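User: Please take me through this model by question and answer, beginning with the terms and then going on to the fold.

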Amino acid sequence: MTKAHESIYCIQCCAVKPRAEAELVFRTGFYRTTIPLGRCQICANAERTAGLPVPPQSVERECSSAQLA
Ligand SMILES: [Zn+2]
């Protein structure tokens, strides 16, 4: 069972991740009002490698329309 305060919602891969895997946690946004928005280490590493910064807001909007379990 996933506890909200121990999770983050990665705005780049649009998935709920354990807080331990978070590279960055935003303090201003929440997914479904309980899970803090953030970015996982995998996406952070991918961005560093690819050199392609993704605007968080546009990604967030995309994620919001997706149905996630
Ligand atoms: Zn991610």
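Analyst: Two strands are said to pair if DSSP finds at least two bridges between them, where strands (E, at least two residues) and helices (H or I, at least four residues) are DSSP runs numbered from the N terminus. Residues are numbered from 1 along each chain as its sequence is written. This is a predicted model, in which local features need pLDDT of at least 70 and side-chain atom pairs count only at pLDDT 80 or more, while totals for chains, interfaces and linings use all residues.

User: In what order do the elements of the chain run from the N terminus on?
Analyst: The chain contains two helices and four strands. Read from the N terminus, these elements follow one another as β-β-β-β-α-α.

User: In what order do the four strands form the open sheet?
Analyst: β1 and β2 run antiparallel and are joined by four bridges, whereas β1 and β4 pair in the parallel sense over two bridges. β3 and β4 run antiparallel again, with five bridges between them. The pairing is therefore mixed, and the open sheet has the order β2-β1-β4-β3.

User: Which strands are the edge strands of this sheet?
Analyst: The four strands form an open sheet with mixed pairing. Pairing on one side only marks the edge strands, which are β2 (15–18) and β3 (22–31).

User: Why does Cys10 count as buried?
Analyst: A residue is buried if 20 or more other C-beta atoms, placed from the backbone, lie within 10 Å of its own, exposed if 12 or fewer, and partly exposed in between. Leaving aside neighbours within four places in sequence, Cys10 is in contact (C-beta atoms, placed from the backbone, within 7 Å) with residues including Ala15, Lys17, Arg39 and Cys43. Cys10 counts as buried because the number of its C-beta neighbours inside 10 Å is 25.

User: How many residues make up the largest nonpolar core?
Analyst: A nonpolar core is a set of buried Ala, Val, Leu, Ile, Met, Phe, Trp, Tyr and Cys residues joined through C-beta atoms within 7 Å. The largest one takes in Ile8, Tyr9, Cys10, Ile11, Tyr31, Ile35, Leu37, Cys40 and Cys43, with β1 (7–10) and β4 (35–40) each supplying at least two of its residues. β4 is mostly covered, five of its six residues being buried.

User: What angle does the direction of helix α1 make with that of β4?
Analyst: Axes here are lines fitted to C-alpha atoms, for helices over the stretch in contact, and angles run from 0 to 180 degrees between N-to-C directions. Helix α1 (residues 41–50) packs on the sheet and touches β1, β3 and β4, and its direction makes an angle with that of β4 of about 40 degrees.

User: Is Cys14 buried, partly exposed or exposed?
Analyst: Cys14 lies in the loop between β1 and β2, a hairpin with four residues between its strands. Although Cys14 is not a glycine, its phi is positive, at about 55 degrees. With 16 other C-beta atoms within 10 Å, Cys14 is partly exposed.

User: Is Arg32 buried or exposed?
Analyst: Arg32 has its place in the loop between β3 and β4, which form a hairpin with three residues between them. Its phi is near 55 degrees, a positive value in a residue other than glycine. Since Arg32 has 10 C-beta neighbours inside 10 Å, Arg32 counts as exposed.

User: Over which residues does pLDDT stay under 50?
Analyst: pLDDT is the predictor's confidence in each residue, from 0 to 100, and the chain averages 79, with 67% of the residues scoring at least 70. Where pLDDT is low, the predicted coordinates should not be read in detail. The stretch where pLDDT stays under 50 has one contact beyond four places in sequence in the model, and it covers residues 65–69.

Terms used:
Two residues are in contact if their C-beta atoms, placed from the backbone, lie within 7 Å.
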